[in-house]
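Student: I'd like to learn how to read a protein model. Could you walk me through one?

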Amino acid sequence: MSLKPAGPEEELAEMLQALGIPDAGRNRRSVPEAAELVSVGKDVYGREQRLAPPAALAWRKLQAAAESEGIVLQLVSAFRSWSYQKQIIERKLAAGQTMEKILRVSAVPGFSEHHTGRAIDVTTPDCKPLTEEFEQTPGFAWFVRHANDFGFSMTYPRNNNSGVIYEPWHWTFDELGIGTMTAPPTAASFPNPPEILSFGEVRLRFVRLVPGDESHGLVPQYHFRIVTAGDVDVGHINFRIGDTEHVRLCAGHIGFEITEAFRGHEFAFQACRAIAPFVRSFYETVTITSDPDNQASIRTIERLGASFIDEIPVPPHDPHYQRGSRSKKRYRWTP
Ligand SMILES: [Zn+2]
């Protein structure tokens, strides 16, 4: 009888134990390593880099769009495995750095976004990689203006409260459906949203209709940026049209995210109220979901007056499972 292989959770716990940081995982959630990776070419050091397929596609499109405007963007790092992350920490420990100092710049294995295959470190020629210098480059300026449209957002803005230093170079892909182009929906079946959708301090800027991808259960979605008075972009809200298993069980019809620096101002609530008239033109009631530990999102949903349906496990084949979600609370909202 062969030994039962340890599961990823045990493997991770052992790794943290070996590094001397067994408590590092407390109050945080580890995310599985990317199951599938594809090449995105060479990085600035000539090493081959890989990303999860949807992130790879989005990155290639972003890079090409930048290049068409004369901006060269290069990868410094993309996918990194748990064990590679462990080696980075071991190397720094061996060089005499304290664990406390190391963890200000290097993530604990299992908690780095790089092992999801959805995070990238970016630079541009004539800039020292992984330094704040990047902020001064035309490449960074282009990135800030356009990255969101390709599904990338900055994880560690200045003064973020995650305990990690400001990293203008580190961006994460987090936009289900973007880049998975199939036949675009026709204008007739998907009308343009009203010119003005606003509520309280926010208005919605319609970016585009993102086509669905049937093979992954992804339905078309209207993608809006959430903008406050004074034109500050504070996040995004998506409205999905369709009723696949992915929508019913995991994604819900409405998805929103407020950039970390702008949380705590009820912008998500206001964005939902702003989109409500448009949602009503399609559905009488819609589903909104939340991870059970996302208190901010649950508060927003409750404040909207949505009623709790149930809490259900995320199917292992759903993209949300890949991103670390194991269960979802579901709510019914009459907009
Ligand atoms: Zn990074």
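Tutor: Let's go through it feature by feature, from the overall picture to single residues.

Student: What kind of model is this, and how are the residues numbered?

Tutor: It is a predicted model: local features need pLDDT of at least 70, side-chain atom pairs count only at pLDDT 80 or more, and totals for chains, interfaces and linings use all residues. Residues are numbered from 1 along each chain as its sequence is written.

Student: How many helices and strands are there in the protein?

Tutor: Helices (H or I, at least four residues) and strands (E, at least two) are DSSP runs, numbered from the N terminus. Here you'll find nine helices and 14 strands.

Student: Which strands form the open sheet, and in what order?

Tutor: In general, strands of a sheet pair through backbone hydrogen bonds, either parallel or antiparallel. Two strands count as paired if DSSP finds at least two bridges between them. In this model three strands make an open sheet, ordered S12-S14-S13, with antiparallel pairing. At the edges are strand S12 (286-290) and strand S13 (307-313), each pairing on one side only. S12 and strand S14 (residues 327-333) are joined by five bridges, and Ser 290 stands opposite Lys 329 in S14.

Student: Where does helix H8 lie?

Tutor: H8 (residues 295-303) lies across S12 and S14, at about 155° to S12. For that angle, axes are lines fitted to C-alpha atoms, for helices over the stretch in contact, and angles run from 0 to 180 degrees between N-to-C directions. Contact between two residues means that their C-beta atoms, placed from the backbone, lie within 7 Å.

Student: Which residues of H8 are buried?

Tutor: A residue is buried if 20 or more other C-beta atoms lie within 10 Å of its own, exposed if 12 or fewer, and partly exposed in between, with C-beta atoms placed from the backbone. In H8, Ser 297, Thr 300 and Ile 301 are buried. They sit on the same side of H8 because they cover an arc of only 95° around the axis; the arc is that of the directions from the helix axis to the C-beta atoms. Their cover includes helix H7 (267-280), S12 and S14. Exposed Gln 295 and Ala 296 are on the face turned away from the buried side.

Student: What about strand S2: which residues are on its covered face?

Tutor: In a regular strand the side chains alternate between the two faces of the sheet. For S2 (residues 48-51), Gln 49 and Leu 51 form the covered face, while Glu 48 and Arg 50 form the uncovered one. S2 also makes a hairpin with S1, with five residues between them. Val 38 has Leu 51 as its bridge partner in S2.

Student: Which residues have the most contacts inside the largest nonpolar core?

Tutor: Nonpolar side chains tend to be buried together in soluble globular proteins. A nonpolar core is a set of buried Ala, Val, Leu, Ile, Met, Phe, Trp, Tyr and Cys residues joined through C-beta atoms within 7 Å. The largest one has 28 residues, and Leu 51, Ala 58 and Trp 59 have the most contacts inside it. Helix H2 (53-68) is among its suppliers, and H2 gives the most, with seven residues. Leaving aside neighbours within four places in sequence, Trp 59 touches Val 40, Leu 51 and Ile 120 by the contact cut-off.
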